[in-house]
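Hi! Here's the structure I promised to pass on.

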Amino acid sequence: MIPEKQIRLLPPELQNQIAAGEVVERPSSVLKELVENALDAGATRIRIQIRDGGQSCIRVSDNGSGIFEDQLELAVTRHATSKLQNLSDLQHIHSFGFRGEALPSIASVSRFRIASARDDGDGSVLEVLHGRILRQDKTAMPKGTDVEINDLFSNVPARLKFLKKPGTETRKCAELVARIALANPHVDFELLNADRTVHRFLAGQDLTQRLAAIWPQEVVESLHTVDYKDGELSVHGLVGDPAMAQGRPDRILVYVNARPVQDKTILSAIREAYRGRILGKEYPQAVIFLAIPPDEVDVNVHPAKTEVRFQDDGAIFRIIRRAVLQTLERNVHQTHATDHAQPLCVSQVHTSLPVMEPRFSAPGEAKIESRQDTLLYEQNWPQKFASSAAAQKLFESADSSLAKTVPPAADAQALQHPSAGQNASKAQAPAAVQYLGQFAQTYLILAAKDEITLIDQHAAHERVLFNMLRAQGSRGDRRPLLLPLEIPLHPAQAALAQEIWTKLDELGFSLELTPGRLMLHSIPALLTPSKAKEFLQDILTEKATSMEDLWAVMACKAAIKAGDTLTPNEALELVDSWQHVSDKNYCPHGRPVAVRWGVGDLEKLFKRRS
């Protein structure tokens, strides 16, 4: 028989150690609580010392307002705080700390000492060992507070096992201090590790100057300013050029009302703004500050206060995405290699590389991909690259926001003369560009007077086809197959196929779903049967569901590939089509389409000048 156990109140020491399990995860979480307390006290100078990654010693000294002598013991009492007075204050939190749990939790798992003075010279000191007060006395010290933590987790060895090596814990402490310093440029921060200065942030530095101390110089130089306001919500900060994207998300820093947080809504909005500009496995650099009325965000989600909950997640997502997207469109596009260049007159080519008049094979002459495709399809396939006129025909009937182009008949005139709406004094003649040929059967080489440009033929064609599909919308042309194609399906793939059935029909597929297989009766005009099969297998494996994703995969399958040989005429047609589409700097998957070197860039590469 199980003995009956009575309900009883836990001793205060045990309560604090249980709370410490949530608040005090590692030395950096201790440091976070102490630094935030200093900021809440109005400190303008904070000095931090750590040893052995913070496990042996953490000391934080500040010049804040200090603590009254008779309230020093209350500071290490659970749920005692000066930052909340009543329930309504919990809905309008302006301070970093407010729960009254941090100091008693820390004091319960360490040798704890706190000294504080309201005025220079007249202070008091309190010493605590594992939650038990040892002594309280007077001391002479300058105005402010000095907190020292020694032998963290010495009374809970099980927690010590989860700490990393001192070097790792030191790095986490340094990252924590740097992140808080970015949000408080008016405060002087100094971090020392065993008497060696790790960080020194001077008061008055701006965000860029502080980032330069922790991020590579080339990354900092590529950052663009975000400044956006919508009613009571505002967003400011810095975002990086898509070309500087990296494989890790450690340079995406998010703040809500100056509080460093981790929030999936904001992270998703930032990545969505970069959609189509970076690869799916890449992450941008961004430091985003969201200012929001305190009653519209709940920071009391977790004792560590690193998570928040918004009253309207959708509104936050939209404003963050819009703020970052506008910055990218305003700044990144202006500085991109192909956007600030003069219009290319692609009809001008190198004299040693003659170009024949445009000629595309008749249907009977078209290259056939395979014998199987011929049997399955009732007509021969078109050439690997359709002329720009086909793209422009689609663009003319689409909304101008989807594609930027001019009518085919006006192409030559538009390239040779400024548009009617332009100021004649600001008009620029098209740059004289020579097409020099293909490199590695992948890159098209264009040379102007002061620059050389390489265009990725697959990425450029992918962008053209994607914009064609987007302009075309649900009017996807389809071609019937003489014999249906069969694709075996896993039950999960069959469920996904049913979910996107209508979208596949809009793309030009005529499908039949039977147990364990998918039958193709018609396919989009852009794809061969084998490519159509690859397309369906890819989207069902990668679980692509949005129309944008489907267009991107189809454009990739239909586009010419790296290694395909292009005639000079085909290359010029491709460049001409690519120049007239929107978002031309990146393929739909986010890879850059073109890179350019000016004379100055080449001189740096050859070390003619620094």
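R591 is partly exposed, with a relative accessible area of 28%. Keep in mind that this is a predicted model.

R591 has a partner: D456, with the closest N and O atoms 3.0 Å apart in a salt bridge. R591 sits in the loop between α18 and β24, while D456 belongs to strand β20, so the pair ties together parts that are 135 residues apart in sequence. D456 is buried, because its relative accessible area is 9% and buried means under 20%.

In general, side chains of opposite charge can pair when their charged atoms come close. How many salt bridges does a search of the whole structure find? The count is 23. Among them is R26 with E169, at 2.8 Å from N to O. That pair links distant parts of the chain, 143 residues apart: R26 is in the loop between α1 and α2, and E169 is in helix α5. E169 is buried too, at 2% relative accessible area.

K138 and E69 also form a salt bridge. Here K138 is exposed at 53%, and E69 is partly exposed at 39%. There's a network as well: K531, E534, D538 and K557 are joined by salt bridges that share partners.

Now for the sheet. It's open, with three strands in the order β21-β23-β22 and antiparallel pairing. β21 and β22 are the edge strands, each pairing on one side only. Five bridges connect β22 and β23, and T514 has R517 in β23 as its bridge partner. Helix α16 lies across β21, β22 and β23, at about 50° to β21.

Enjoy exploring!

Conventions. Residues numbered from 1 in each chain as written. Predicted model: local features only at pLDDT ≥ 70, side-chain atom pairs only at ≥ 80, totals over all residues. Heavy atoms only, no water. Pairing = 2+ DSSP bridges. Helix = DSSP H or I, 4+ residues; strand = E, 2+ residues; numbered from the N terminus. Contact = heavy atoms within 4.5 Å. Axes fitted to C-alpha atoms, helices over the stretch in contact; angles between N-to-C directions. Salt bridge = Lys/Arg side-chain N within 4 Å of Asp/Glu carboxyl O. Buried < 20%, exposed > 50% of the residue type's maximum accessible area, 1.4 Å probe, protein only.
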